[in-house]
Amino acid sequence: MLRRALRLGLGPGLLGRGLGTHREGSTLAWDGKVSEIKKKIQSILPGGAWSPLCDTSHLPPEHSDVVIVGGGVLGLSVAYWLKRLEKQQGAIRVLVVERDHTYSQASTVLSVGGIRQQFSLPENIQLSLFSVEFLRNINEYLAVVDDPPLDLQFNPSGYLFLASEEGATIMENNVKVQRQEGAKVCLMSPEQLQKKFPWINTEGVALASYGLENEGWFDPWCLLQGLRRKVQSMGVLFCHGEVTRFVSSSNHMETTSGEKVTLRRIHEVHVKVDRSQEYQPVECAIVVIAAGAWSGQIAELAGIGKGPPGTLQGTRLPVEPRKRYVYLWHCPQGPGLEAPLVADPSGAYFRREGLGNNYLGGYSPTEEEEPDPGNLEVDHDFFQEKVWPHLARRVPAFETLKVRRAWAGYYDYNTFDQNGVVGPHPLVVNMYFATGFSGHGLQQAPAVGRAVAEVMLEGRFQTIDLSPFLFSRFYLGEKAQEHCII
């Protein structure tokens with residue numbers, strides 16, 4: 001019975017049903033209480049107008065309709081679409097909590113900034129098609145009065161995937177799906193590949209797929225700052241701090257088949273703010289987990305996965321940090337301005353960076369090669385041993401490359417099926433997810449944010465049906481396996 005109910009989908013949206021922030025009273029009632037408290041304080045203090053006893057500008061508000069944990073592009077996109085789709089301006093109070101206010105370790109700004117439609121799942125293709133339209137018309141969405149327009153520096157040079165004999169059939173099937181969804185992708189034989197890109201060594205390549213439009217790369221930092229600027233202009237609140245606890249209530253139920261289920265609702269989020277050893281409680285109606293690589297840890301704080309093994313209550317959010325290196329190298333004789341982002345069958349990839357014969361790239365490690373995610377230190381031997389040999393084999397000019405810089409970032413890696421987790425938790429009834437995209441969250445953030453906002457407001461996905469990405473699939477064992485992961 002429970003499994004059947006999980007497969008039936010979503011119910012009415014919590015915000016769409018007019019769920020209040022507080023268990024008793026409304027937001028207006030709360031504002032009235034604050035006003036009364038101020039008057040009482042004023043009556044016992046000398047002087048005129050009421051003023052705060054101490055600076056609390058760094059603290060989060062005491063209540064918010066929605067608390068979004070994570071201020072990267074996914075969290076900001078959810079905030080943007082909530083405000084854009086709200087029925088009445090100012091109706092929804094949104095708080096974004098981000099612990100790394102410098103974004104120095106944020107996956108967003110440490111990525112290579114690619115966007116593509118070359119995926120194996122229709123949902124991922126649709127997400128990227130929506131997002132590329134958003135990115136290419138960025139100022140229609142994110143313009144702020146009296147602020148300069150955004151320049152994402154979008155470079156539509158495409159993606160070029162190479163397949164060995166073993167992977168050629170899979171590539172053909174993937175391209176068929178991509179074309180059905182409206183992506184402009186062509187297949188190329190080794191001879192065609194050599195003619196179009198003479199700098200490629202086609203040895204070991206049986207087939208290639210090339211994105212003809214709406215693929216390439218852009219400036220992730222510009223998108224992040226553009227979203228942040230826009231949502232602030234829309235009234236979204238920000239707090240630099242760390243979520244340390246969720247306070248919830250429970251309701252024990254039994255299904256018609258006799259299964260016992262415990263439903264929980266979060267009423268309060270505890271935020272430990274910068275420059276303080278104490279926490280600030282924030283009463284809320286809805287919580288969104290968009291904490292990237294740390295989403296699994298945040299979910300555990302909410303009790304997700306803490307139940308008997310094999311039960312829905314005991315099903316954890318399988319998202320963990322995976323460390324990925326990005327290297328920047330110089331090669332005077334390297335591929336020219338027409339070069340796309342190239343993904344080799346070995347797992348190595350690269351793209352051009354700017355106009356000065358510089359290139360960005362890396363390598364997707366096997367499970368056995370996964371580096372320790374405990375820090376963001378760069379292993380330069382990894383490039384020499386795992387990356388460079390594949391690059392030099394595919395592009396002979398790279399034999400003489402010189403590495404100039406390197407850094408590491410985190411994937412919010414979904415160990416179950418390397419795909420995003422979108423929408424509500426089936427037992428924590430006011431918790432939603434926007435995480436686990438395993439490296440393609442940045443490029444799909446505009447579409448994912450809208451999808452989460454739609455579910456919260458209307459109770460269902462409207463623009464793109466992302467039901468295969470619901471949390472319940474982990475309990476049901478139904479993988480939404482994505483085969484095109486870089």
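**Exercise 1.** Work out how many bridges join β9 to strand β10, and in which sense the two run.

*Solution.* Start with the ground rules. This is a predicted model, where local features need pLDDT of at least 70, side-chain atom pairs count only at pLDDT 80 or more, and totals for chains, interfaces and linings use all residues. Residues are numbered from 1 along each chain as its sequence is written, and side-chain values use heavy atoms, with hydrogens and water left out.

Next, find strand β10 at residues 279-289. Strands are DSSP runs of E, at least two residues, numbered from the N terminus, while helices are runs of H or I with at least four. Two strands pair if DSSP finds at least two bridges between them. Here β9 and β10 have 5 bridges and run antiparallel. For example, His 270 has Pro 281 in β10 as its bridge partner. Then look at the hairpin: 5 residues sit between these strands, and Arg 275 has a positive phi near 65°.

**Exercise 2.** Now go to the partner β8: how many bridges does β8 form with β9?

*Solution.* Strand β8 covers residues 237-254 and pairs with β9 over 13 bridges, in the antiparallel sense. Ser 249 is found opposite Arg 265 of β9. This hairpin also has 5 residues between its strands, and Gly 258 in the turn shows a positive phi of about 95°.

**Exercise 3.** Decide whether β9 is mostly covered or mostly uncovered.

*Solution.* Buried means under 20% relative accessible area, exposed over 50%, and partly exposed in between (1.4 Å probe, protein chains only). Count along residues 260-273: 10 of the 14 are buried, so β9 is mostly covered.
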